[in-house]
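Subject: Structure handover

Hello,

Here is the structure I said I would pass on. Please look it over first; my notes on what was found follow below.

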Amino acid sequence: MLAKRIVLFLLTMGMLFTLPGLVSAAEIGKAAKAYIVYTSLDDETRAWKVYNLLGHFGLEREMKLQTDVSDAELKEARCVILIQEKYDPRLVERIRNATAQRQTTFLQIGATTDTGKKSMITVRYNGRNLTELNGVVYPRKVEDGMTVDATVSDGLSSYMLAGRLGREWYFTSDQVDGTLGLVLADWLHEVLGIQHPSSGHEAFIRIEDVSPETDPAKLRAIADLLFARKIPFMVALIPVYSDASGHTESFEDKPEWTQALHYMVDHGASLIMHGYEHKYKNSETGEGFEFWDIDRDQPIQGEERYTADKLQKGIALMAKQGLYPLAFEPPHYAMSQKSYQIARQYFSTLVASLQLSDDTFEITQKTPYRLVTGRNGFKVIPETIGYVENSPAPCCRWWTRWRSK
């Protein structure tokens, strides 16, 4: 049972290529609004993913359907990003003309010419060959004077993936996640002209699903080990344990557990509130969803009052013990946009992947770096590697493979 395990999560904010930190206050001050223009509702999820990536740079930004954005807005933009599956030359020319006077950066993602799609299997970027077996690009001819920053190959031919000519930039795939999404996320530093210091891979350790059922001796042992190695860490705390029969336990019922939590804080832990019970209906703590109706794959009915009640109770229980959560992690990263907005009233920071849709919890985004502001206004510390259970070997193999390149 998850409630009775201590699970170690590794969260890395460094890209495979550079390690950008958060944008500086001076850079944020320079940033005017960016517009993300998309051509159909089918592109909305992609647009939200790009919207979140721009949050790494502290940019004020807005998403607009191409029918809703005005020339006046385009003329005042710091940057315009156009996402389209089917190339529309009239729309491209409209944006090009509207942004000409200010020489605004214009990035096209997806179909940048009227060509068909090509499958590809490898990516060449920043001197590295990366595998992407399910990649698709819209081939674009390399024009005179164009700088090519990334290429893809289908095993026979090579095509441009990322390139630029003057103030116009081209990313010739509409896949903004996976390996291609990592390239795009890193390449945005070049597109926007905002660089971040690169001093290695930044990582966080998060001790997951810590509830009243967790062995306090193990918590103290973890704290001692990490403190001795001068490693700060996060603890994803569930204030109340509840089993399928409705039996509950909390701080007062487990004084040794409560003392162990204080011990962890004194030895470098930051507490993350990981739901109130981490369950929904008759499931067990650590197993069930809490802010999403998984049976119907939809938001919980009456979620506004329900979500506020759960968050208020959890915060109050922790505060009564002198334990203060610095961020929030939705159980299983599942939460509707309305519930995110409610949670934002209590927390400034999410430690999570981001759910993008209210139609299903399965449409999510793992941003490859921290966000100054993500959707709904949160600062975001993403989880990108997953958990290490029993043996760290899989993670270590991944780390060693990339460090050796």
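A residue counts as buried when its relative accessible area is under 20%. Glu 383 has a relative accessible area of 2%, so Glu 383 is buried. Please keep in mind throughout that this is a predicted model.

Around Glu 383

Glu 383 sits in the loop that links strand E20 (379-381) and strand E21 (386-388). Its side chain reaches the backbone nitrogen of Ile 385 at 3.3 Å. The side chain of Glu 383 also makes a polar contact of 3.1 Å with the side chain of Tyr 333. Gln 365 is 18 residues away from Glu 383 along the chain, and the C-alpha atoms of the two are separated by 9.9 Å.

Around Arg 206

Tyr 333 has a further polar contact, at 2.9 Å, between its side chain and that of Arg 206. Arg 206 belongs to strand E11 (residues 203-210). The side chain of Arg 206 is also joined to the side chain of Glu 329 by a polar contact of 3.2 Å.

The sheet

An open sheet is formed by 9 strands, in the order E3-E2-E4-E5-E10-E9-E8-E6-E7, with mixed pairing.

Strand E2 (residues 34-38) runs parallel to E3, and 5 bridges join the two. In this pair, Ala 34 stands opposite Arg 61 of E3. Helix H4 (residues 89-98) lies across strand E4 (79-84), strand E5 (105-110) and strand E10 (168-171), and runs at about 175° to E4.

Two packed helices

Helix H6 (residues 216-228) packs with helix H7 (residues 255-266) at an angle of about 10°, their axes being 9 Å apart. H6 is therefore roughly parallel to H7. Residues that make the contact include Leu 219, Ile 222 and Ala 223 of H6, and Trp 257, Leu 261 and Met 264 of H7. The residues of this contact divide into 9 nonpolar, 1 polar and 3 charged.

Regards

How values were computed: Residues numbered from 1 in each chain as written. Predicted model: local features only at pLDDT ≥ 70, side-chain atom pairs only at ≥ 80, totals over all residues. Heavy atoms only, no water. Pairing = 2+ DSSP bridges. Helix = DSSP H or I, 4+ residues; strand = E, 2+ residues; numbered from the N terminus. Contact = heavy atoms within 4.5 Å. Axes fitted to C-alpha atoms, helices over the stretch in contact; angles between N-to-C directions. Polar contact = N/O pair within 3.5 Å; in protein donor to acceptor, adjacent residues only side chain to side chain. Parallel < 35°, antiparallel > 145°, perpendicular 65-115°, else oblique. Nonpolar A, V, L, I, M, F, W, Y, C, P; charged D, E, K, R; others polar. Buried < 20%, exposed > 50% of the residue type's maximum accessible area, 1.4 Å probe, protein only.
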